[in-house]
Amino acid sequence: MKNKFYITTSIAYVNSVPHCGFAMELIQADVLVRYHRLLGNNTWFLTGTDEHGLSVSRSAEKAKLSPEEFTDKISGEFKKLTKALNISNDDFIRTTDKERHWPAVVKFWNELVEAGDLYKKKYEGLYCVGHESFIKKSELADGQCPLHKTTPEEIEEENWFFKLTKYKKEVKNKIESGELKIVPESRTKEVLNLIDDAEDISFSRPVSSLKWGIPVPNDSEQTIYVWADALTNYISAIGYKENAPQFNKFWPADVHLIGKDILRFHAIYWPAMLLSAGLPLPKAVYVHGFITVDGEKMSKTIGNVIDPFALVEKYSVEPVRYFLLREIPSNEDGDFSSKKLEERYNSDLANGLGNLVSRTATLIANNMNGELVYKPEMISQEVKDKAGQLFRGYTDNVDNFLLHEALGRIWDLIGVANKYVDEHKPWVSVKENPEKFLATMNNIVYVLYNVAWMLTPFMPETSDKIFQTLGASRDAETLENYRFLVKKDESLFPRLK
Ligand SMILES: [Zn+2]
């Protein structure tokens with residue numbers, strides 16, 4: 001049976017250009033959605049940009065641009081990034097979109113008013129502009145925000161507040177029952193530890209402090225704060241405002257994929273807001289970690305921020321996708337280094353996969369006039385069992401957001417095939433034992449064909465190239481007597497020097 005699968009990334013904040021962490025998030029989401037497409041599910045993939053707030057208007061000022069010009073420019077960079085990384089998103093939402101996004105936010109706000117969950121209150125607190133949020137005294141280090149190393153501003157103002165406390169019990173129950181899944185498990189525990197202490201949250205700010213945003217309905221003195229402004233993108237883009245068929249088909253989201261720094265907002269605030277608005281909760285929140293660079297935190301001050309465009313320029317897109325998916329564990333922090341990327345390129349891509357494809361193609365082209373008629377009865381039970389076992393591991397890993405492990409299973413299978421070739425020495429049997437040679441080649445093609453399928457969500461272009469080299473179609477209904485018309489390939493991954 002076909003299922004629907006709606007996945008979102010977080011929306012990138014446009015106060016600066018894209019970095020590698022968001023590139024990884026896009027790629028991870030892309031793998032998941034391509035995987036579900038392969039299963040024949042009805043998929044929808046949303047990404048976009050978060051464009052309001054004080055920090056954006058200040059960055060615009062610094063760049064001597066209007067906020068509109070500035071956000072157009074940076075949002076454009078993120079759109080470019082989706083192209084550079086071969087991301088197959090169906091839509092790209094901008095929170096400055098006055099036709100699609102703003103009216104949905106207003107509708108959502110009014111639902112919360114209707115539910116009696118918004119109230120006005122005088123508020124005193126410390127505000128970190130870098131965070132775009134209030135910060136507790138207990139969170140400071142030497143009077144400074146530990147993340148941004150800046151002294152927060154003391155603020156006293158009247159804000160709209162959302163009754164988060166009214167819903168925290170219900171949100172907690174849904175998380176504990178697994179109705180709202182937080183992946184990995186360690187993040188579930190983290191949320192459950194936070195949820196009891198959650199307080200009502202500031203939902204607006206006076207126009208005098210925050211102008212670049214969406215006005216509060218019926219209160220011209222106030223601007224809607226980030227929660228109702230940004231989180232609502234997940235429903236505005238699919239037509240919440242007009243209750244579109246698309247909205248009814250795809251909501252609730254199957255996966256919100258986010259970084260660990262915004263877990264609380266997605267696992268506590270957003271579900272509470274949805275409950276207040278009478279909407280179903282997303283089914284799962286997948287949480288990835290952060291990328292360090294050569295063991296250090298990525299930061300502008302250190303100057304070690306990795307530019308994803310430069311990476312793609314240097315290594316091309318598929319090796320970059322491979323490295324970020326394989327080397328950085330999907331659900332934990334991981335480390336980036338050019339040295340490791342080049343090592344993985346040479347060992348896994350050039351020697352592992354590239355070598356397997358090229359020796360297979362060469363053997364068939366040189367000894368069989370490029371044509372192999374596939375005989376399933378020639379596949380050894382051992383190879384079949386091993387491939388089946390690795391395939392089950394692979395699907396299991398993807399289903400549990402362990403994409404690095406899923407790639408591990410593909411490379412295990414590549415290893416099986418390379419070892420099989422070494423042991424069976426087809427370059428010898430082709431002269432001495434044609435029957436054995438034929439069996440060997442059938443086994444290798446069988447494995448390679450499976451590898452090409454399994455690579456589809458991760459490295460779609462490489463997968464296509466293997467299908468082309470094998471002269472195989474993705475539409476073949478059965479492989480029995482299938483004619484593989486094999487071409488000698490140009491090297492898939494020429495070794496890096
Ligand atoms: Zn801060």
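This is a predicted model: local features need pLDDT of at least 70, side-chain atom pairs count only at pLDDT 80 or more; totals for chains, interfaces and linings use all residues.
**A helix and a zinc site**

Let us start with helix H14, which covers residues 381–399.

Now see which parts of H14 are hidden. Its buried residues are Val 383, Ala 387, Gly 388, Leu 390, Gly 393, Tyr 394, Thr 395, Asn 397 and Val 398. An α-helix has 3.6 residues a turn, so residues three or four places apart point the same way. What do the buried residues of H14 pack against? Their partners are helix H1 (20–38), helix H15 (403–424) and helix H17 (434–455). Just after H14 comes Phe 401, whose phi is positive, at about 55°.

Next, turn to the zinc ion. Four residues coordinate it at 2.0 to 2.4 Å: Cys 128 and Cys 145 through SG, and His 131 and His 148 through ND1. The angles among these four donor atoms run from 103 to 119°, and the site is tetrahedral. For comparison, the ideal angle for four tetrahedral donors is 109.5 degrees. Along the chain, the donors follow the spacing C-x2-H-x13-C-x2-H. Cys 128 belongs to strand S5 (residues 118–128), while His 148 sits in the loop between strand S6 (133–135) and strand S7 (153–162), so this pair ties together parts that are 20 residues apart in sequence.

Are these two residues buried or partly exposed? Cys 128 is buried, because its relative accessible area is 1%, whereas His 148, at 29% relative accessibility, counts as partly exposed.

Note on methods
Residues are numbered from 1 along each chain as its sequence is written. Side-chain values use heavy atoms; hydrogens and water are left out. Buried means under 20% relative accessible area, exposed over 50%, partly exposed in between (1.4 Å probe, protein chains only). Helices (H or I, at least four residues) and strands (E, at least two) are DSSP runs, numbered from the N terminus. Contact means heavy atoms within 4.5 Å. Donors are N, O and S atoms within 2.8 Å of the metal (3.2 Å for Na, K and Ca); water is not among the atoms, so sites may look incomplete. Four donors count as tetrahedral if all angles lie between 85 and 135 degrees; four count as square planar and six as octahedral if opposite donors are over 155 degrees apart and all others between 65 and 115; anything else is irregular.
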